[in-house]
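Please consult the sequence and the structure shown here while reading.

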Amino acid sequence: MNLKHVRQTLLSPLKSLWHSTGTCYDPVCQRRVREFRPHGKPARANARCPICGSLERHRLAWLVMKQHTSVFSEAHRSLLHFAPEPTISAALKRLKGLNYLSVDLAPGRAMEQADITGLHFESNRFDLIYCSHVLEHIPDDLKAMHELFRVLVHGGMAIVQVPERGEHTYEDPSITAPAERERAFGQWDHVRWYGSDIAARLASVGFSVERVNGMDLVAAEDRDRLGLTADQHSTHVYLCRKPVAAI
């Protein structure tokens, strides 16, 4: 156990006590908080949970999963989680009856090491997939989408989030320098800015795609309380269903 984890373990009860009378609420860690903290470059107000570290996109995804998937209602389901965010990963692991597996390209960052463009899992393996803010890092994103489709069971669902702006995806493979990528795509290790046409890309590999605006799931007067108003590029969640196999 490293020093950072020890410090977090010791301070967590004190944080919870300090925030217990707050009027804000994080649906992921299910804790009251006095306020959500600034986060990002430039800093977004009302973004990060001071207890579990969840960001706006995590809380939106959690609400979408609760309202649009069977993650919370059906036992003996399998879920594959790419590049696991600690707060979401911990919350999913706590769900009873969920067979949870996290993977990451980098060793040691998840339960298993795996490349999203060449997964070592058999076809029709997982009931659900959660893939958030991963595809914008992948040069061959269509190959990754094919792999998501392949390892899902028929009737299964992949939950996909990406940074998004406008209608049309912008990418330029000739941009390789980190500083240039940051200027072009918003982050040094991104290779594109997605537009809403990502839905067509996902559909091209076989998915039936539903674009859900997570902000529509919450009344306007509750958005500040849940810390859902800051990240304008991550309000949409794509629900990608693999068709049921023909009999």
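Leucine 80 stands opposite isoleucine 129 in β8. The model is a predicted one, in which local features need pLDDT of at least 70 and side-chain atom pairs count only at pLDDT 80 or more, while totals for chains, interfaces and linings use all residues. Residues are numbered from 1 along each chain as its sequence is written, and side-chain values use heavy atoms, with hydrogens and water left out.

Strand β5 (residues 77-82) runs parallel to β8, and 4 bridges link the two; strands are taken to pair if DSSP finds at least two bridges between them. Helices (H or I, at least four residues) and strands (E, at least two) are DSSP runs numbered from the N terminus. Histidine 81 faces tyrosine 130 of β8, and in β6 the bridge partner of histidine 81 is serine 102. β5 and β6 are likewise parallel, joined by 6 bridges. On its other pairing, β8 meets strand β9 (residues 152-161) in the parallel sense over 6 bridges, with valine 160 of β9 as the bridge partner of cysteine 131. From β8 the chain crosses through α4 to β9, and this β-α-β crossover is right-handed, a term that applies if, with the strands pointing away from the viewer, the path from the first strand over the helix to the second runs clockwise. A right-handed β-α-β unit is also made by β5, helix α3 (residues 86-93) and β6.

Burial comes next. A residue is buried under 20% relative accessible area, exposed over 50% and partly exposed in between (1.4 Å probe, protein chains only). In β5, 6 of its 6 residues are buried: Arg77, Leu79 and His81 point one way, and Ser78, Leu80 and Phe82 the other. Strand β8 (residues 126-132) has 7 of its 7 residues buried, so it is largely enclosed by the rest of the structure. In α4, the buried residues are Asp141, Ala144, Met145, Glu147, Leu148, Phe149 and Val151, and the buried residues of this helix pack against β5, β8, β9, β11 (192-193) and α6.

A nonpolar core is a set of buried Ala, Val, Leu, Ile, Met, Phe, Trp, Tyr and Cys residues joined through side-chain atoms within 4.5 Å. The largest such core holds 30 residues, of which Leu80, Phe82, Ile116, Ile129, Leu135 and Phe207 touch the most other members. At least two residues of this core come from each of β5, β6 (98-104), β8, α4, β9, α6 and β13 (236-241); α4 gives the largest share, 5 residues. A second, separate core of 20 residues includes Ala61, Ala91, Leu92 and Leu95.

Which residues does phenylalanine 207 contact, leaving aside its neighbours within four places in sequence? They are Met145, Leu148, Phe149, Leu152, Ala158, Leu202, Cys240, Arg241 and Lys242, where contact means heavy atoms within 4.5 Å.

The structure holds 4 aromatic pairs. Rings of Phe, Tyr and Trp (its six-membered ring) pair if their centres lie within 6.5 Å; planes under 30 degrees apart count as stacked, over 60 as edge-to-face and the rest as tilted. Two of the pairs are tabulated below.

| Aromatic pair | Centre to centre | Angle between planes | Geometry |
|---|---|---|---|
| Phenylalanine 121 and phenylalanine 126 | 5.1 Å | 85° | edge-to-face |
| Phenylalanine 149 and phenylalanine 207 | 5.1 Å | 80° | edge-to-face |

Phenylalanine 149 lies in helix α4 (residues 141-151) and phenylalanine 207 in the loop between α6 (198-204) and β12 (208-213), so this pair ties together parts that are 58 residues apart in sequence. Both phenylalanine 149 and phenylalanine 207 are buried. Phenylalanine 121 counts as buried at 5% relative accessibility, and phenylalanine 126 is buried with a relative accessible area of 2%.

Lysine 242 is placed over the face of phenylalanine 149, at 4.9 Å from the ring centre. Arginine 59 takes such a position over phenylalanine 36, at 4.2 Å from the ring centre.

For the chain as a whole, there are 7 helices and 13 strands. Buried residues make up 48% of its 247 residues. Among contacts between residues at least 6 apart in sequence, 62% join residues at least 24 apart.

Terms used: A charge sits over a ring if NZ of Lys or CZ of Arg is within 6 Å of the ring centre and within 35 degrees of the ring normal.
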